[in-house]
Structure formats: C-alpha cells, structure tokens
Amino acid sequence: MIFRILENQLAQKSTEAKAADLRFMQLALSLGRRGLGRTWPNPAVGAVIVKDGVIVGRGWTQPGGRPHAEVEALRRAGEAARGATLYVTLEPCSHFGRSPPCADAVIAAGLARVVSAIEDPNPAVAGKGHNKLRAAGIAVDVGLCAAEAARDHAGHFRRIRDNRPHVILKLAVSADDKIGAAGHKPVAITGESARKRVHLMRAQCDAILVGIGTVTADDPMLTCRLPGMTGRSPVRVVLDRALRIPGSSRLVHSARETPLWVMTSDFAEAAAAMKLGAAGAQVIRLQATTNPPGLDLPALLRALAEKGITRLMVEGGALVASSFVTAGLVDEIRLLRGSDTIGADGVPALDALPLTAITQSQAFRLRASEDLAKDSLTIYERT
C-alpha cells in the first residue's frame, strides 16, 4: 500500500511537471511571435527562465535580430538565472555570428536545465548548441511543442534548407470566388474585422509582394495601418518586368519611409531604373521568362532570401497568385471569404485556375478556420 501511494505521488508530480513545462513553452512561443516580421534574417525566438516555479526572466528576439531571445531573458533574470530552467523555442546558437553564442551565455549564467522546442537546421548550429550545453553539465530536453515551433520558424527553416522564404498566399475572395469587379476594378470584398487581420498578417511578414497589375489598378500602400503598428510595415515588393510602375504611385512616393523593392527583368530600361532609385526604391534585376511572359520566380525567391527575407506574403493579383501556385512555390494559404457575390464578370481568384486547385488539392491540408464577423478565414498548409 505504501509503495502504491508513493507511486501515485510520483506520477502526480511527473504529470504536474509536464504540465508546467508545456505551459512555460507555450508562453515562450507566444513571446517569440512578437518578433515575427521584425527579426529577419534571424528567426523570431521566444525564451522564458523559470526558477522554483516562478518566471524570473523572459525575452524574445529584438528588431533586426539582436539581441537574441536567450540573452534578453538572461539579462532580465540576472543572478536569479543560476540553477533555473530555460524554455526556448529554438536551439541556442553555438557559433559566433553578429553576436556571441547564446549557448555560451546560458552556460555562464549557471542554468541547470534547458527545454528546447526544436533543433536549428542551420549547419552552423544543427545540434551543436544542445551538445555544448550537455557537455557543460546542463540537462537538455528537446522536442516539446516541436510542431508548433516548426510552424513559427518556418521562414527560417525554409531559408536555410531551400534558400527561399516561406511563402504565404493571401487571397480575399467573394462568395463566388472573385477578387475584383469587371475590368479589374477594385471592390470591397471583406469587412473591417478581416481587413484588420490582413494588416496583422502584413506586420508578421518580412515582405509583401504584388504584381504591377495590382499597383496600376489599386495604387496600394501595402503598409500595416493598425494603431501603434505603422512602424511594422513589411518591405513592399513589386513584380514589374518592364518597369511600368508610375512615379506618381503611392508606393514610389513612400519608398523612403517604407522600403520598396522593384523586381524587374534584365532588359528593363536603365533610365526608368535610375528614376526609381532616385525616389528611394531599390531595383533588382532578374532573368525574364517568355512562356508565360514574366520573371523567374525561383530566382526571385532566391534573391529575396539572399537579402534576408524569411517570410513573404503574396497578396496580388490573380495572375501572380496563380503563377506561384502553378510553380509549387506556395507553402501556406490564408483564404479570406466575404459573404457577398460579385458576378460572373468578376475577376477569378486564380486567373485561369479554379480555386479548388488549392482548396481541394492534395498538396495542401486544412489547418484552421475561424469567423471574422460576417467573413471567414481558412488557413491551408502544404502537406
């Protein structure tokens, strides 16, 4: 009987410890998401330091990628970090980059245990951080909330493994699968709640991409206009094979306040490129394609990755969206659906492709859905 009581007590303590680990890791993940869209080229990591069940330090990767989350958490914890447990959403780095290794800082702080969500695929780390901690006598557990961490760090992982950003396709479609009125005239498809969500999506991405057709039809700003978050607007990227972007557009006029990168072909006129450069835009030349006419999308994504972009949101228009889908370069889809119809003469969401090419494709699986007032948001991810 005594042994059974002890077994039950030990089992209860183990269950409580696992629940505490899960709670603190979920907090670290939540903290890490604060940096999405602001830390590139570094991943947006979250960290929590706990001692005797009390949080003594927390941190997340700061804008520009430094300081790292672990260093921020250790700074806030101070001496309380000695003997404590660190919960971190990505393996602490073990190499000298733009800052010293986080693994060294963890060891110097005297932490007793590290709970790490997932190993960093970066060849400069790739298990070396965990091994360094273990060699210093620190207990290391890896894998808690790994799937969630992999989703949060998808941009970092994709850039490391495939030399391109994680591509999120955002579509706002009417009840009859249209994205615009006849003649490509813009029309309000979703309501205020959905529009606010789109601005949050922008803030959580490093860059947002549209085609020149969207620029000439809508004259968009492509910024984040949520209160208090105007400084979190992403880099605006425009596909413009022949440099047709008007100098009078709002994108060009705001190029000195919010970065504007114009991706063009190698045969675009030098004079037009010079005018854009004088306005503050950056012109990036890529190889042109002839069938169909456009730009080499894999080369485009490689160019963005080389500049540090990890999370790219493709926002328009129909031809650009269908091109990314056809090329197999979409990793995630955010489908916003309004409740009104536009009519048969409206602009199809994916040009010549039916919307079922993604919603019923075996290449994607449904991840989540929610109502946004009278509209809905459905998220698909690549299988």
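Colleague: Let's start with Arg33: what is its relative accessibility?
Modeller: Happy to. This is a predicted model, in which local features need pLDDT of at least 70 and side-chain atom pairs count only at pLDDT 80 or more, whereas totals for chains, interfaces and linings use all residues. Residues are numbered from 1 along each chain as its sequence is written, and side-chain values use heavy atoms, with hydrogens and water left out. With buried meaning under 20% relative accessible area, exposed over 50% and partly exposed in between (1.4 Å probe, protein chains only), Arg33 counts as partly exposed because its relative accessibility is 28%.

Colleague: And which residue forms a salt bridge with Arg33?
Modeller: A salt bridge here is a side-chain nitrogen of Lys or Arg within 4 Å of a carboxyl oxygen of Asp or Glu. For Arg33, the closest N and O atoms are 2.7 Å apart, and the partner is Glu148.

Colleague: How many residues apart in sequence are Glu148 and Arg33?
Modeller: Helices (H or I, at least four residues) and strands (E, at least two) are DSSP runs numbered from the N terminus. Glu148 belongs to helix H5 (residues 146-152) and Arg33 to the loop between H1 and S1, so the pair ties together parts whose separation in sequence is 115 residues.

Colleague: How many salt bridges does the structure hold?
Modeller: One of them joins Asp104 and Lys132, at 3.0 Å from N to O. That pair links distant parts of the chain, with Asp104 in helix H3 (residues 102-108) and Lys132 in helix H4 (residues 128-135), 28 residues apart. The number of salt bridges in the structure is 20.

Colleague: Are Lys170 and Glu315 buried or exposed?
Modeller: Their side chains meet in a salt bridge of 3.8 Å, N to O. Lys170 sits in strand S6 (residues 166-173) and Glu315 in strand S14 (residues 311-316), so the pair ties together parts that are 145 residues apart in sequence. As for accessibility, both Lys170 and Glu315 are buried.

Colleague: Why is S6 described as largely enclosed by the rest of the structure?
Modeller: Both faces of S6 are covered: one side has His166, Ile168, Lys170 and Ala172, the other Val167, Leu169, Leu171 and Val173, and all of these are buried. S6 is described as largely enclosed because its buried residues number 8 of the 8.

Colleague: Over how many bridges do S6 and S15 pair?
Modeller: Two strands pair if DSSP finds at least two bridges between them. S6 pairs with S14 in the parallel sense over 4 bridges, where Val167 has Leu312 as its bridge partner. On the S15 side, Val173 stands opposite Arg337. S6 and S15 also pair in the parallel sense, and the bridges number 6.

Colleague: Which strands do the buried residues of H7 pack against?
Modeller: Helix H7 (residues 192-203) has 12 residues and reaches 17 Å from first C-alpha to last, close to the 16 Å expected at 1.5 Å a residue, the expected span being 1.5 Å times one less than the number of residues. Its buried residues are Ala194, Val198, His199, Met201, Arg202 and Ala203. With contact meaning heavy atoms within 4.5 Å, the buried residues of H7 pack against S6, strand S8 (207-211), S14, strand S15 (332-337), strand S17 (364-372) and strand S18 (375-382).

Colleague: How many aromatic pairs does a search of the whole structure find?
Modeller: Rings of Phe, Tyr and Trp (its six-membered ring) pair if their centres lie within 6.5 Å; planes under 30 degrees apart count as stacked, over 60 as edge-to-face and the rest as tilted. Searching the whole structure, the number of aromatic pairs found is 2.

Colleague: What is the angle between the planes of Phe24 and Tyr87?
Modeller: Phe24 and Tyr87 form an aromatic pair at 5.4 Å centre to centre. Phe24 is buried at 6% relative accessibility, and Tyr87 is buried at 3%. The pair is tilted, with an angle between the planes of 45 degrees.

Colleague: Which residue has its charged end over the ring of Phe24?
Modeller: A charge sits over a ring if NZ of Lys or CZ of Arg is within 6 Å of the ring centre and within 35 degrees of the ring normal. Here the charged end is 4.9 Å from the ring centre of Phe24, and the residue is Arg23.
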